[in-house]
Amino acid sequence: VSRLCSDYLEPLGCTDTGKILGEFHDFGKYSDSFQQVLAGTMHGVDHASGGAMFLDIISKGRPSYRPVIEAINGHHDGLVGFDGDMVENYANAGKKAALSKEEYAAANSAFRSDFPDFSPKLDTAPPKNELEKMLFTRMLFSCLVDADYTCSARNDDAEYFEYAENLVFDADELLNRLYCYRDEMRKGKADSEL
């Protein structure tokens, strides 16, 4: 996921940011409760908020990290505002937080063991205004969700990259197909009184 996020964000010069997204998005899986989810003995556990919360802690709440934190926090349940002053055991979508306050130190040790070269250095300048922040957050979110989905699909189908990643995107052709579809929908299908 980290490699794909970096690749997706390379045209924006954000490869380090992509790496952080990929490395932290599943940080909450370093917990006993999420291991129980994997074993099928528990459900309703939010692992995304753990990575967001921990990155907020190690970045000391710096605003330049907010888009990254919000993308990580929302990668399964959608983008929602993330407040660095959130209460202990914060979780998304009414789920249970994967990590309790006491589990963060052990999760950090496991994470650092898995990613010994980890550096929380961003390679992006903080967006200057609210519109830029919102758009940048959505771009990071989109790249993370796409990378996460792609890696999951590849785990299920080793050939996934062969037919999914190198497709040609022809915007004009796709837009033309949409217009043709819309035009067909308009032909005699609508209630004339409407």
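Me: Which helices each supply at least two residues of the lining of the largest pocket?
Reply: That would be α5 and α7. Keep in mind that this is a predicted model.

Me: And where does the largest share of the lining come from?
Reply: From α7, with five residues.

Me: How much space lies in that pocket?
Reply: About 250 Å³. The lining has 15 residues, and the closest to the pocket's centre are Arg66, Glu70, Lys133, Met134 and Thr137.

Me: How do the lining residues divide by class?
Reply: Seven are nonpolar, five are charged and three are polar.

Me: OK, switching to packing. At what angle do the axes of α5 and α7 cross?
Reply: Roughly 40°, and the axes come within 8 Å. Here α5 covers residues 66-74 and α7 covers residues 130-156. The angle is why α5 counts as oblique to α7.

Me: Is that crossing left-handed or right-handed?
Reply: The crossing of α5 and α7 is right-handed.

Me: Which residues meet there?
Reply: On the α5 side you have Pro67, Val68, Glu70, Ala71, Ile72 and Gly74. They meet Phe136, Thr137, Leu140, Phe141 and Leu144 in α7.

Definitions and conventions: Residues are numbered from 1 along each chain as its sequence is written. This is a predicted model: local features need pLDDT of at least 70, side-chain atom pairs count only at pLDDT 80 or more; totals for chains, interfaces and linings use all residues. Side-chain values use heavy atoms; hydrogens and water are left out. Axes are lines fitted to C-alpha atoms, for helices over the stretch in contact, and angles run from 0 to 180 degrees between N-to-C directions. Helices (H or I, at least four residues) and strands (E, at least two) are DSSP runs, numbered from the N terminus. Angles under 35 degrees count as roughly parallel, over 145 as roughly antiparallel, 65 to 115 as roughly perpendicular and the rest as oblique. A crossing is left-handed if the near helix is turned anticlockwise from the far one by less than a right angle, and right-handed if clockwise. Contact means heavy atoms within 4.5 Å. On a 1 Å grid over the protein atoms alone, a cavity is a set of points where a 1.4 Å probe fits but cannot get out, and a pocket is an open set with protein on both sides within 12 Å along at least five of seven lines; lining residues have an atom within 4 Å of a point. Grid points are joined across faces, edges and corners, and a volume is the space filled by probe spheres set on the points. Ala, Val, Leu, Ile, Met, Phe, Trp, Tyr, Cys and Pro count as nonpolar, Asp, Glu, Lys and Arg as charged, and the others, Gly among them, as polar.
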